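Hi,

Here is the structure I promised to pass on.

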Amino acid sequence: MNSPLPLGEMSLDTFLRDYWQKKPLVIRNAIADFQSPIDANELAGLACEAEVESRLIAFNADDDQWHMEQGPFEEARFTSLPEKNWTLLVQAVDHWVPEAHALLRQFNFIPNWRLDDLMISFAVQGGGVGPHYDNYDVFLIQTQGIRRWEFGGSFDEHSPRRDDAPVMILPEWKAETSVELAPGDILYLPPGIGHNGVAITDDCITCSVGFRAPATHEMLRSFTDEIGEQLGHDQRYEDPDLAESKDPGCITEEALNRAHNMLLTLIEDKDRFREWFGRFVTEPKYPDQEIDADEDVTEDALLDFLASDGELFINEGSRVSWAKAQSGIYLFADGHSFHLTTPNAISLAKHLCHYDPLSSQVIDVADAQSIRLICALLKQGLLYSNSP
Ligand code: SIN
Ligand code: CO
């Protein structure tokens with residue numbers, strides 16, 4: 001059974017039509033009986049791990065200065081913090097904590113490729129990251145304790161910001177609206193809206209469901225880099241029908257059109273674009289992070305494993321999506337693409353995109369393409385098994 005959407009009483013249609021990417025929304029009791037996916041000690045423990053991205057942000061009211069330290073932290077750092085005005089923020093907790101991943105999946109009414117991560121913050125009274133805006137949509141889920149959120153106004157890269165702070169602080173920002181959120185309440189903010197969250201209690205935990213949207217300049221660079229690598233050096237501008245030029249200094253419209261069309265033809269190749277786009281938007285958040293891959297797995301070993309009721313799980317930190325191809329579909333996983341054409345391989349790939357476990361219940365062991373796909377995913381460390 002599907003669990004209810006984390007939108008309280010609001011329907012998804014209303015949310016998407018009136019709020020998504022349009023305006024802020026406070027949803028009281030958005031998630032009924034909400035349980036925190038992590039406690040403060042576990043969060044501090046994660047911030048001590050080398051592969052986890054974390055920050056401590058503190059404000060000193062005496063000299064009006066903001067301070068930031070990047071993790072990983074020594075455990076002792078957490079015993080030498082002031083009583084007030086600091087917060088610990090840990091990025092991508094969904095990669096490490098299954099409960100945090102399950103919370104992030106509740107927001108799958110937005111496509112996988114638009115979801116970024118679940119960031120979790122802990123703050124003592126007065127703690128927060130200051131008035132700022134984000135480039136992406138965010139659902140701020142009050143998880144434990146009380147936080148006051150002030151928000152309003154639209155900002156962008158040209159808005160003034162403090163130049164003496166290690167984090168973005170909008171000096172001219174004024175709150176239009178102020179609310180106090182309790183556990184289970186959510187504040188949704190579209191990109192560019194100024195906001196400032198201040199912990200009211202000493203045990204404040206907030207989970208942020210963050211989204212991503214590729215920037216046009218990033219897409220253009222990545223797509224053209226890829227095409228550039230695929231094209232041979234011999235493919236060049238040609239003008240066998242060159243007409244006599246009246247002025248050697250002039251780049252004629254004919255020359256311009258010919259060069260323009262050379263590039264347009266490449267961009268208009270929808271299949272090439274589709275495959276690049278899927279790989280681009282599923283690139284891992286931390287591409288340099290080592291993953292535990294089963295490089296030696298064989299198809300026979302996989303078949304034995306499935307015959308003995310083994311289950312396979314997709315890495316919580318992996319990004320997966322699929323798109324229609326001219327025949328069958330493409331599965332995109334952590335920047336790789338797989339072209340699939342058999343009914344079982346296609347349904348398997350779609351199943352995987354829901355982050356559901358795989359077993360012989362859903363894998364047709366007689367379908368060679370499905371078995372090849374699972375082996376390839378195991379070899380790339382995208383799947384792990386429950387075997388010892
Ligand atoms: C937080 O302090 O938990 C959220 C930070 C933000 O406003 O993006
Ligand atoms: Co923010």
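Below is what turned up, starting with the ground rules and then the metal site.

This is a predicted model, so local features need pLDDT of at least 70 and side-chain atom pairs count only at pLDDT 80 or more, while totals for chains, interfaces and linings use all residues. Residues are numbered from 1 along each chain as its sequence is written, chains are lettered from A and ligands numbered from 1 in the order in which they are written, and side-chain values use heavy atoms, with hydrogens and water left out.

**Metal site**

The cobalt ion (ligand 2) is held by His132 (NE2), Asp134 (OD) and His195 (NE2), at 2.0 to 2.1 Å. Donors here are N, O and S atoms within 2.8 Å of the metal (3.2 Å for Na, K and Ca), and water is not among the atoms, so the site may look incomplete. Along the sequence the donor spacing reads H-x1-D-x60-H. The histidine pair links distant parts of the chain, 63 residues apart: histidine 132 is in the loop between strand E5 (115-123) and strand E6 (138-144), and histidine 195 is in strand E10 (residues 193-199). Helices (H or I, at least four residues) and strands (E, at least two) are DSSP runs numbered from the N terminus. Both histidine 132 and histidine 195 are buried; that label means under 20% relative accessible area, with exposed over 50% and partly exposed in between (1.4 Å probe, protein chains only).

**The sheet with E10**

E10 also belongs to an open antiparallel sheet of three strands, ordered E8-E7-E10. Its edges are strand E8 (177-181) and E10, each pairing on one side only. Pairing requires at least two DSSP bridges between two strands. Strand E7 (residues 147-154) and E8 have five bridges between them, and arginine 147 stands opposite leucine 181 in E8.

**Pocket and cavity**

Both come from a 1 Å grid over the protein atoms alone: a cavity is a set of points where a 1.4 Å probe fits but cannot get out, a pocket is an open set with protein on both sides within 12 Å along at least five of seven lines, and lining residues have an atom within 4 Å of a point. Grid points are joined across faces, edges and corners, and a volume is the space filled by probe spheres set on the points.

The largest pocket has a volume of about 810 Å³. It is lined by 33 residues, and Arg55, Gln91, Met119, His132 and Asp134 lie nearest its centre. E11 gives the most to that lining, with five residues.

There is one cavity of 30 Å³ or more. The largest cavity holds about 150 Å³ of space. Of its 19 lining residues, Leu115, Asp116, Ser318, Arg319 and Tyr355 are closest to the centre. H3 supplies the largest share of this lining, three residues.

The peptide bond from glycine 71 to proline 72 is cis, with omega near 5°, and proline 72 sits in the loop between strand E3 (65-70) and E4. Glutamine 21 is not a glycine, yet has a positive phi of about 65°; it counts as partly exposed because its relative accessibility is 43%. Aspartate 334, also not a glycine, has a positive phi of about 45° and counts as buried because its relative accessibility is 14%.

Cheers
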